[in-house]
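Keep the view open as you read.

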Amino acid sequence: MPLPDGAGAPKRFGSQCPEGWCALEPGDRVLLYTDGGTEARTAGNGRFGLAAFTDSIIRATAAGELASEALRQLIHALLESQDERLSDDATILLLEWRPPGVR
């Protein structure tokens, strides 16, 4: 799933990296997750869904939040949608390349 780059435009890596390798640039983020995050059941028995999952990360990134804060907000949104109890395992990892000395 693409995340906005510094200009807010999403980067799509699939077709640009046919051999599975992509050149990342400072500020790029990589989001890895299991289906336990996107397929989580909400309190109303719906699904949290990919749209809510990515929307949380995209909005936090566009607001200039650090990767750790964007991930924290996503986890809280996911837990809130399930009344603070996960019904499936969920693994989420958000990596960001920041050069030394850059916030």
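Axes are lines fitted to C-alpha atoms, for helices over the stretch in contact, and angles run from 0 to 180 degrees between N-to-C directions. The model is predicted.

Q: At what angle do helix 2 and helix 3 pack?
A: Helix 3 covers residues 67-81. Its axis and that of helix 2 are 9 Å apart. The crossing of the two helices is right-handed. They pack at an angle of about 150 degrees.

Q: How many charged residues does the contact of helix 2 with helix 3 have?
A: Helix 2 brings Phe53, Ser56, Ile57 and Ala60, and helix 3 brings Ala70, Leu71, Gln73 and Leu74. By class, six residues are nonpolar and two are polar. The number of charged residues is none.

Q: Which residue of helix 2 forms an aromatic pair with Tyr33?
A: The structure holds one aromatic pair. The pair is tilted, with 4.7 Å centre to centre and 50 degrees between the planes. Tyr33 lies in strand 1 (residues 29-33) and its partner in helix 2 (residues 49-62), so the pair ties together parts that are 20 residues apart in sequence. The partner is Phe53.

Q: Is Phe53 buried or exposed?
A: Buried means under 20% relative accessible area. Phe53 has 0% relative accessibility. It therefore counts as buried.

Q: What does Tyr33 count as, by relative accessibility?
A: Between the 20% and 50% cut-offs lies the middle class. Tyr33 has 32% relative accessibility. It therefore counts as partly exposed.

Q: Which residue with positive phi follows helix 2?
A: Helix 2 has 14 residues and reaches 20 Å from its first C-alpha to its last. The residue that follows has a phi near 85 degrees. It is Gly64.

How values were computed
Residues are numbered from 1 along each chain as its sequence is written. This is a predicted model: local features need pLDDT of at least 70, side-chain atom pairs count only at pLDDT 80 or more; totals for chains, interfaces and linings use all residues. Side-chain values use heavy atoms; hydrogens and water are left out. Rings of Phe, Tyr and Trp (its six-membered ring) pair if their centres lie within 6.5 Å; planes under 30 degrees apart count as stacked, over 60 as edge-to-face and the rest as tilted. Helices (H or I, at least four residues) and strands (E, at least two) are DSSP runs, numbered from the N terminus. Buried means under 20% relative accessible area, exposed over 50%, partly exposed in between (1.4 Å probe, protein chains only). A crossing is left-handed if the near helix is turned anticlockwise from the far one by less than a right angle, and right-handed if clockwise. Contact means heavy atoms within 4.5 Å. Ala, Val, Leu, Ile, Met, Phe, Trp, Tyr, Cys and Pro count as nonpolar, Asp, Glu, Lys and Arg as charged, and the others, Gly among them, as polar. The expected span of a helix is 1.5 Å times one less than its number of residues.
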